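Visitor: Could you walk me through this model, one question at a time?
Guide: Gladly; let us look at it together.

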Amino acid sequence: MRAFGRRVLVLAAVFGLLLLGPMGDANRADAQDRKRLVIGMTQFPATLNPYIGSMLAKSYVLAAMVRPTAIVGKDWLDRCMLCTELPTFENGRAETWTVRDPKTDVPAGNTGVRTTYTLKDDLFWGDGTPVTTADVVFAWEVGRHPESGVASQKSFEEIIDIEVVDAKTFIVVEEKVAYRYSLSGAFTPLPAHLERDRFQDPREYRLQSLYETDPTNPGLWNGPYRLKEIEKGSHVVLTRNETWKGKAPAFDEIVVRTIEKTTALEANLLSGAIDYIAGEMGLTLDQALAFEKRHGGKFDIEYVQGLVYEHIDLNLDNPILSDVRVRRALLHALDRAAISEKLFGGKQGVADTNVHPLDRIHTDDVPKYPFDPDAANKLLDEAGWTERKRGIRHNAAGEPLALEIMTTAGNRARELVQQVLQSYWKRVGIDVRIRNEPARVFFGETVRKRKFTGLAMFAWLSSPERVPKTVLHSDYIPTEANNWSGQNATGYSNPAVDDLLDAIEVELDPDERKSMFGDLQRYYASDLPVLPLYFRAQPFIVPSWLKGIEPTGHQYTTTLWIEEWRVE
Amino acid sequence: MMASQPASGGKRPLPVSPAARAWTRFLRHQLAVGSAVLLVVFVLLAVFAPLIEVVLDIDPEEVDLFARLEGSSWAHPLGTDDLGRDHLARLLRGGQVSLAVGLTVALAAATLGTLIGLTAGFAGGRIDDLLMRFADGVISLPLLPLLIVLVAVDPAELGLPEAVTWDESFAVWRLVFIISLVGWPGTARLVRAATLSIRTREFVSAAKALGYGPIRIMLLHILPNAASPILVSATLAVGNVILFESVLSFLGLGIQPPVPSWGNMLTGAQELVWEAPMLAVWPGLLIFLVVIAFNLVGDGLQQALDPKSAVASAPAKN
Amino acid sequence: MIRYIILRLAQAAAVLIGMSFLIYVLIGLMPGDPIDLMLSADPDVTPEDVARLKAIYGLDRPIIERYVAWLAAAVDGDFGYSRLFNAPVLEVLLPRLGNSLILMSLSLGLALSIALPAGIIAARNPGSLADRFINLACFAGISVPPFWFALLMILLFSVSLGWLPAGGMGNLDGGGFFDRVHHMILPVATLSIASIAAYARHMRAAMIEVRREDWVRTARAKGLSDQVVERRHALRNALLPVVTILALDFGGLFSGALITETMFSQLGMGKTIYDAILGNDYNLALVGLLLATLITLLANIAADIVYARLDPRITFVAEDGAG
């Protein structure tokens with residue numbers, strides 16, 4: 001038996017050594033002269049093909065390696081990335097044309113637009129091949145092919161032709177003049193010289209693409225970095241792209257590590273195993289706030305209100321909610337400022353409408369609903385919910401003022417807010433019951449098919465100057481008849497708003513558009529089909545030696561400007 | 001033999017009736033007795049939770065944004081959670097749910113296991129083989145991932161009416177049903193073994209000779225004699241079920257907030273572990289105490305009711 | 001014997017096919033779909049896009065039809081693609097299975113190296129102080145919720161002391177082997193805690209049983225010292241039931257690995273299956289579960305065979321398996 005005792009001792013000793021062994025290396029990150037930057041985030045990109053699947057983690061990593069022709073800039077204005085100049089009617093790169101019926105050649109009654117782009121001449125794929133119009137045309141072919149498995153096809157389908165002028169210049173032809181015509185050609189070129197082969201059978205493209213089978217092939221990348229190593233589910237390593245002629249990035253290597261548990265992410269940041277936590281997909285806001293309290297000095301923590309709009313959709317078919325007075329009372333009863341202050345450190349400002357305050361078209365001149373329980377009570381009395389039994393309001397028919405609120409189970413921030421809302425509403429006599437579902441059920445069934453009976457709390461990811469047509473137009477109310485298409489889950493239907501939405505879409509004058517957007521926001525805030533809560537804030541936790549990261553707040557990630565990041 | 005007192009140490013003469021003898025033996029198992037007392041206290045606390053809340057003037061659902069994550073104080077003996085709710089009150093309410101689920105499932109699983117065990121033991125032959133193979137299979141499978149699939153199944157697709165599935169307590173009942181489905185083999189095995197040994201006794205043969213039907217013999221003659229193993233395995237099962245419930249709820253697949261259970265109270269605690277470590281300690285500690293208490297009581301019962309088999313016993317571990 | 005093994009393997013294959021159908025249908029009953037989720041995540045994805053993508057992935061066909069197609073391909077060795085990882089499922093699963101097996105065998109090793117001595121010490125003198133202490137510790141180990149134990153470990157070793165990482169597989173190329181081990185201490189400790197307790201109890205029971213047997217008493221009567229008897233005779237025989245239990249416990253180990261890997265962000269099978277189920281990745285969840293079941297079944301068969309090999313008293317009857 002002593003033998004056993006000895007073995008245990010030896011084992012304990014080995015474990016002890018292993019435990020102490022690596023401790024001395026904790027500060028390794030400091031020692032490597034900051035030639036390498038390790039970024040931590042909570043998601044791993046399932047695929048690296050720019051057109052297959054749609055997830056933030058992918059956009060984030062790709063933006064360092066392959067760039068779109070044009071984007072929305074850090075200043076929320078449209079900017080060229082690979083092109084020389086954005087087409088406008090003023091500079092002559094955009095012009096209208098009369099659409100004719102292809103058979104009879106008779107004008108079809110509408111006007112189209114032709115936009116001319118020229119690619120910069122110092123753009124090369126990582127194998128030295130220049131980026132040309134052939135790559136643009138190929139990307140369009142992939143994008144519009146119904147079997148290629150591209151996530152979002154609409155913008156490609158709207159392009160009826162791309163005319164090649166020369167190796168660098170192309171004209172995008174569309175049959176409709178939308179106000180965002182300047183970005184008609186704003187998509188990511190694909191390396192035709194490598195990928196065209198793989199596209200022979202479009203159905204197999206999503207599996208056969210070199211981005212899947214040989215992602216470290218330098219020819220796939222045209223940004224400041226190219227892919228050096230990928231370990232699915234764990235990390236990707238990017239290295240300098242030798243053929244990049246733009247501003248040289250400061251780091252030789254960028255490592256993006258995925259650690260799904262935010263607790264572990266935070267611990268890794270403190271241990272030096274990662275340098276920086278991406279705000280786009282990193283810590284939750286309250287974790288960042290707590291982190292700032294403890295370790296604020298060593299990190300620059302920036303909170304950016306993003307375009308993720310947290311709100312509550314109301315099912316307007318519910319007789320209780322079809323009364324606008326009840327909807328307004330619901331909002332008056334909430335102290336959204338206190339929620340923001342207490343739960344989110346005041347970093348998440350209260351939203352009045354669905355338009356972000358940084359958006360050019362935002363207006364402050366809308367009806368507002370500050371915390372005012374008296375006003376809420378008054379409105380509810382007017383709406384006929386006068387009698388209070390055991391604290392809950394009832395109407396003359398004896399029906400209780402009871403509603404159901406749903407959200408995604410497992411999203412802690414939402415579940416917390418939801419319980420706070422419930423207690424606020426209880427105080428004015430509204431009985432709100434919570435019922436949550438996993439995200440895939442909630443979005444896949446409940447919201448999409450309008451199965452929620454009362455309130456549904458979730459977020460929309462928006463983009464600057466977006467026309468919320470699919471969300472507010474009455475043609476976009478999902479029904480069985482239209483195969484549940486459309487995202488107007490509230491069932492909101494206002495002819496004036498429908499007209500406005502149609503008009504904004506084709507209004508080319510920016511100032512006129514801004515004023516129309518203003519009207520839209522006023523309708524939104526007075527009809528209240530949706531209870532606005534706030535725009536979600538993203539915490540960027542940057543070590544104080546790392547400079548140049550400028551959070552955008554919109555869907556284009558900071559890595560589009562990764563060559564500007566530097567050590568100071 | 002696992003007892004705190006060796007079985008050989010029977011100094012006092014044992015009472016004559018088997019029940020009284022068992023009771024005396026149980027009382028000698030100090031840990032089991034202590035555990036039983038603890039469990040009674042927990043059950044009383046859970047049952048009288050509403051009363052306690054009134055006396056202490058706390059409301060488990062009262063959200064107070066201005067008192068988040070507070071430490072312990074006179075107003076909040078165990079502090080407050082991330083919404084400023086009293087943690088003690090939440091723990092009491094969570095205890096109601098966890099204990100109710102544990103006891104219900106154990107009862108259901110024991111019933112199911114008893115029926116299957118009786119059938120297998122009494123029928124013998126192919127039926128016995130089939131049922132026991134099935135039991136072995138259920139025990140040896142990777143249960144947790146399978147349970148996760150089961151929990152994720154859409155009840156509406158199974159044809160359940162929406163009125164049922166939209167009820168707040170539906171998630172609790174679904175959990176009870178699913179854990180019961182996989183919790184029966186332990187009991188089934190014990191009952192089968194008992195049935196096999198009882199089947200050959202004289203009074204069963206006599207009953208058969210009198211022309212009694214198999215169901216009557218099983219229920220009236222065999223079942224009462226197999227009561228001890230059923231009681232023991234049901235007690236041990238309660239602990240296991242509470243563990244299972246807590247794991248599933250922790251993973252976000254069991255009891256859903258705002259209904260508190262000890263398991264789901266720990267879900268959020270992991271993210272707050274730096275700020276409010278005690279939120280991660282209390283619910284887990286209670287699960288631990290209740291589960292170990294049920295296991296010890298089960299051990300005590302086993303030794304009291306069937307001292308010979310106690311040596312080889314070990315609660316099933318999933 | 002050979003016939004018996006073949007029979008058991010055939011049974012296992014039948015079980016696997018049955019399981020594959022059951023799981024396929026169950027997963028099919030899970031509502032929602034990753035493609036539906038894209039609708040909510042990306043404002044540019046339209047419902048038309050969703051319908052088109054579902055057709056591409058074959059999700060618009062009835063479930064039985066999809067299952068038959070899957071099974072036919074699986075027989076040819078093509079287990080399908082994981083949609084979460086956009087790669088063949090085996091390519092995703094095998095490295096993760098490797099990670100899980102490392103984790104599982106390390107914790108198994110740790111568990112045995114603590115449980116066996118503890119069980120032996122306890123069995124030496126039943127009712128003694130040492131026995132009672134070990135007994136209570138075993139009950140504690142069986143009763144502690146594994147995820148809570150993991151939380152406490154994180155709280156103590158990562159938050160308070162800062163000695164061990166709270167999760168992850170290791171730094172990149174930073175520490176190599178030692179770094180990897182450094183990251184595995186907490187997961188291994190968490191996964192082994194319940195096994196230690198269970199094995200120690202079994203070991204103790206088995207030792208007591210063996211010590212009572214006639215030939216052990218005879219050996220001792222012949223004048224062999226207690227320790228020699230214990231080591232040479234009793235131990236070997238007592239290990240027999242423990243080995244069996246160990247193999248039968250394999251399924252439980254997978255369940256434990258699921259919790260451990262999820263808590264500590266380890267890229268293993270358990271976590272992959274969990275993510276696949278939550279993410280509605282049909283193929284990945286299905287093949288993962290089947291793989292786990294297969295390994296469990298094989299372990300069970302191995303246990304039976306080992307048992308028969310070691311214990312001459314047991315013979316196999318092809319009809320009803322192990323006596």
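**Where chains B and C meet**

Visitor: How many residues does the contact take from chain B and from chain C?
Guide: Two residues are in contact if their C-beta atoms, placed from the backbone, lie within 7 Å. Counted that way, the share of chain B is 46 residues and that of chain C is 46 residues.

Visitor: Before we go on, how are residues and chains labelled, and what kind of model is this?
Guide: Residues are numbered from 1 along each chain as its sequence is written, while chains are lettered from A and ligands numbered from 1 in the order in which they are written. Local features need pLDDT of at least 70, side-chain atom pairs count only at pLDDT 80 or more, and totals for chains, interfaces and linings use all residues, since this is a predicted model.

Visitor: Which element gives the most to the side of chain B that touches chain C?
Guide: Helices (H or I, at least four residues) and strands (E, at least two) are DSSP runs, numbered from the N terminus. The elements of chain B that give two or more residues to this side are H5 (125-140), H6 (143-152), H12 (227-250), H13 (262-269) and H14 (277-305). The most, 9 residues, comes from H14(B).

Visitor: How many nonpolar residues are on that side of chain B?
Guide: Ala, Val, Leu, Ile, Met, Phe, Trp, Tyr, Cys and Pro count as nonpolar, Asp, Glu, Lys and Arg as charged, and the others, Gly among them, as polar. The side of chain B that touches chain C has 9 polar and 4 charged residues, and its nonpolar residues number 33.

**Inside chains B and C**

Visitor: What percentage of chain B counts as buried?
Guide: Chain B has 14 helices and 0 strands. A residue is buried if 20 or more other C-beta atoms lie within 10 Å of its own, exposed if 12 or fewer, and partly exposed in between, with C-beta atoms placed from the backbone. Of the 318 residues of chain B, the buried share is 49%.

Visitor: How many residues of S18(A) are buried?
Guide: Two strands pair if DSSP finds at least two bridges between them. S12(A), residues 299-314, is joined to S18(A) by 12 bridges in an antiparallel run, with His311(A) opposite Pro532(A). S18(A), residues 530-543, is largely enclosed by the rest of the structure, because its buried residues number 13 of 14.

Visitor: Which residue is the bridge partner of Val38(A) in S10(A)?
Guide: S10(A), residues 253-258, has 5 of its 6 residues buried. S9(A) runs antiparallel to S10(A) with 5 bridges, while S1(A) runs parallel to S10(A) with 6 bridges. In S10(A), Val38(A) is paired with Val255(A).

Visitor: Is Leu379(A) buried or exposed?
Guide: Leu379(A) is in H13(A), residues 373-382. Leaving out residues up to four places away in sequence, Leu379(A) touches Arg325(A), Arg328(A), Ala329(A) and His332(A). Because Leu379(A) has 23 C-beta neighbours inside 10 Å, it counts as buried.

Visitor: Where in chain A does pLDDT stay under 50?
Guide: pLDDT is the predictor's confidence in each residue, from 0 to 100. The mean for chain A is 87, and 94% of its residues reach 70 or more. Where pLDDT is low, the predicted coordinates should not be read in detail. In chain A, the stretch under 50 is residues 1-31.
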